[in-house]
Amino acid sequence: MTRAEIYNRVVGILIKSFELDPADIKPESKLFEDLDLDSIDAVDMFVELHEVTNRRIDPQVARQIRTVDDIVNLVERELNGTAAAAPPANDPKDS
Amino acid sequence: MDPTHTVDIAILGGGLAGNLLARQLRRTLPGLSVALYERSQDTSWKVGESTVELASNYLTRRLGLSTYLYENMLPKNGLRFFFDTPQKDAALVDMSEIGSMSFTAYPSFQLDRARFEADLLRMNAEAGVDVHIGAKCHDLVLHEPDSAPSPHALHEFSVTENDVTTRVRARWLIDASGRASLIAKQKDLRIPTPEHGISAAWGRFIKHADMDDWGPPAWRQRVRNTSRVLSTVHFCYPGYWIWFIPLGRGVMSVGWVGDKSIFRDDMRKPDGFNNFLREHRAVWDLLKERAELLDVLAYKQLAYATKQFFSGGDRWFLSGEAAAFTDPFYSPGSDFISIENDFITDMIARDHAGESRAAIAERSATYDEFMQFRFQATLLLYKNLYPTLASYELLKLKWEFDIACYYNLWCAPYFHDEHLDLQSLRGELRRKDFVIQGLENFSALFQRLEAGFRRQGLLHRRNLGHATHSISTIGFLDDLRTPRTRRQVLRTTEAIFNATRTAALDLLADLGETPVPGERTLPLYEFMLATPLA
């Protein structure tokens, strides 16, 4: 996934899960202050992110999340981490 | 060739799981024929006498047994815990106690399984279930359409009764045969759980002392003269507990459950069992030489898991101990039966109504995943936590956490049949890894506290003279009468988690340990990440 694709996916999750207005969501939007999410929403968000990355959320990284961009960074890092650690078996580069 | 007999639904096993399911199927699907096969001639005495709130809701609401239970069984007065000295020499009235001063808001019962199952067999026969007693089932052939020559074939097995063998064919087959586990053995479903090595030995006594007519008036007044006898009474020790459960008509079930390393083979025999009990003053004071031990039984390894609970698409199902077992502490066995029987009845009803095999198979997989989740979460209540039983303070903390989570996460959804709503179930299953992580985090916290208390010799420090009668974490009980939103459930979870963690932080401070991080209140997601809670 490119960064733009990840951003769109994250925005999609925010709109679907929390019924946010797409116009309100910007990369620099603060989740708790600007978008009015709370600690319960955060659990739902982590469940969604877990399904995107298929990896355990790193607690240290999770605690740093403040903005939409922070989520995008987390997903990007997790996905890259997965790719580096375990390339898919059918990846043509492997053969 | 053996004579053949064809039935819509065959239930292997006439114990609690099989009988309750037979009753449920007759009530829900009166157009389908149900046959039940029980191997034993006499309804033998079985362990598993206590029901908790979820199973009681199933028995009363779903199965219409409220009047029967109040007329024939004992109402249960919740759980009660007593704590002892390291020398096990405290008198009952000196022991610290956890247990309510009144019956709880949601009913539960103490069951005399032998009487209950005999009555259920009779009631089922009267309701049109084809009941076979002393019927040994064997030579089972499961029909699995994907690998069978004819998609319309039926499951088949032989039944031998009074030396006559009949071949039975059934569209739906339920294994409720307990630890005999006919289907699980044939399909190699059983998974050992060596990580939870717990044994049990138990017996029935008569002529024991009456705990409600015991000790000075002030001791009985301490619980406002509520009946302690009607509680499931636990005497708690490091690594094990001893139960007292009244079965009515003068009979008391007394059992030991504990770490396999403490189990002694002679506990399988009356003398050995009595000798073990005699080592505990308060327990023995209630029994002494005057009480008569009627019988004794034991299992060295109680817990086991299963690879699969149901195959709705292939029309076979497991219920009760034919599938899996965790631990008798908190009596979850009949809760598992309740949920399993609901799932089985639902799948058969949908199948009978013409729902596609693919849709039922998909539903079956979701139900199965939920049972696995429930099993995993239940085992986390116990695994590595038996040492905390030593301490009034630690068990009080753990008990308040466990009971609150039980009401919030398991009972309430059941009360409103959310477990039969696929969408709701899938939502819950999406969060399961986080819930399990949260429960693991608390398990680790309790273990850390126990280790700290043990190191400093504090496990027994409050085991005498203290009492807790109300539970601070369950202030939400009245909210459970109507369905709650997911946010309400999670908000309650957050409150329970914070209350428990705060109390744990205070205990850690007592130990002189510095908690990290130091915040007193955490947002819910913090509890569900792979990071220590203190």
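Modeller: Start at B:Ile174. Leaving out residues up to four places away in sequence, B:Ile174 touches B:Ile9, B:Ile11, B:Leu12, B:Leu21, B:Phe317, B:Ser319 and B:Ile344. Touching, or contact, means C-beta atoms, placed from the backbone, within 7 Å. The model is predicted: local features need pLDDT of at least 70, side-chain atom pairs count only at pLDDT 80 or more, and totals for chains, interfaces and linings use all residues. Residues are numbered from 1 along each chain as its sequence is written, while chains are lettered from A and ligands numbered from 1 in the order in which they are written.

Now widen the view. B:Ile174 is among the residues with the most contacts inside the largest nonpolar core, which has 168 residues. Others on that list include A:Phe46, B:Ile9, B:Ile11 and B:Trp241. Such a core is a set of buried Ala, Val, Leu, Ile, Met, Phe, Trp, Tyr and Cys residues joined through C-beta atoms within 7 Å. Buried means 20 or more other C-beta atoms within 10 Å of a residue's own; 12 or fewer is exposed, and in between is partly exposed. Helix H11 (residues 392–415) of chain B gives this core the most, 15 residues. Helices are DSSP runs of H or I, at least four residues, numbered from the N terminus.

H14(B) has 25 residues and reaches 36 Å from first C-alpha to last. That is close to the expected 36 Å, taken as 1.5 Å times one less than the number of residues. Just after H14(B), B:Gly512 takes a positive phi of about 80°.

Finally, the chain interface. Here 15 residues of chain B are in contact with 11 residues of chain A. Helices H13 (432–455), H14 (486–510) and H15 (524–527) of chain B each give two or more residues to chain B's side. H14(B) gives the most, four residues. Chain B's side divides into eight nonpolar, one polar and six charged residues. Ala, Val, Leu, Ile, Met, Phe, Trp, Tyr, Cys and Pro count as nonpolar, Asp, Glu, Lys and Arg as charged, and the others, Gly among them, as polar.

Definitions and conventions. Two residues are in contact if their C-beta atoms, placed from the backbone, lie within 7 Å.
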